[in-house]
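Here's a quick briefing for anyone meeting this structure for the first time. Have a look at the sequence and the model, then read on.

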Amino acid sequence: MTNSLNNKPPVWFWIVAVLALIWNGLGVLAYLGRAFMTEDMVAQLPQEQQAEFLVEYPAWYTACFALAVFCGALGALALLIRKKWATILFIISFLCAAVQHGYLFSTVDDMSLAMPIMILVICAFLIWFAKMATAKGWIK
């Protein structure tokens, strides 16, 4: 009985898990927004943003984007239901995000590095967090 009490995650675990779900949910929304953007919707955007939507990305790039955000969201859900497969989902998310942003770094001129670096740092943090939670027995 005391063993199960010791493996109960602290409140901050739940806070981080919910924030991870919100963060990755925003990524899913960004992907869906890009995937389902119509030409009329693009025409209503400011000129600078229109150019971004006119770029044709390779299919593998789009697949990496989708895997990154959906694996991240599923990983966050796995944290909330206390499953250790959250770690593998976060690793897949990180690898796909790294490939996606590596492609952008190599092809887009004058790209701001702040958001891509922040995304990769958060992905790495979530891998560490899931591994730590597994080691402490909070997720199984």
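Thr87 sits in helix 6, in what is a predicted model. Thr87 counts as buried because its relative accessibility is 11%, and the cut-off for buried is under 20%.

**Around Thr87**
- Skip the neighbours within four places in sequence, and Thr87 is in contact with Ala130, Lys131 and Thr134.

- Helix 2 covers residues 11-35 and has 25 residues.
- From first C-alpha to last, helix 2 reaches 36 Å, which is close to the 36 Å you'd expect at 1.5 Å a residue.
- Its buried residues are Phe13, Val16, Ala17, Ala20, Asn24, Gly27, Val28 and Tyr31.
- What do those buried residues of helix 2 pack against? They pack against helix 5 (59-80), helix 6 (86-107) and helix 7 (114-135).
- As a rule, an α-helix has 3.6 residues a turn, so residues three or four places apart point the same way.

**The nonpolar patch on the surface**
- Val11, Trp12, Ile15, Val18, Leu19, Ile22, Leu26, Leu29, Leu32, Phe36 and Phe70 form a nonpolar patch on the surface.
- Together, these residues have about 1,100 Å² of accessible area.
- Helix 2 gives the patch its largest share, with 9 residues.

- You'll find Phe36 in the loop between helix 2 and helix 3 (39-43).
- Is Phe36 buried or exposed? Phe36 is exposed, because its relative accessible area is 63% and the cut-off for exposed is over 50%.

Notes
Residues numbered from 1 in each chain as written. Predicted model: local features only at pLDDT ≥ 70, side-chain atom pairs only at ≥ 80, totals over all residues. Heavy atoms only, no water. Patch = residues over 30% accessible without salt bridge, like charges linked within 9 Å, V, L, I, M, F, W, Y side chains within 5 Å. Areas by Shrake-Rupley, 256 points an atom, 1.4 Å probe, with all protein chains shown as cover. Salt bridge = Lys/Arg side-chain N within 4 Å of Asp/Glu carboxyl O. Helix = DSSP H or I, 4+ residues; strand = E, 2+ residues; numbered from the N terminus. Buried < 20%, exposed > 50% of the residue type's maximum accessible area, 1.4 Å probe, protein only. Expected span 1.5 Å × (residues − 1). Contact = heavy atoms within 4.5 Å.
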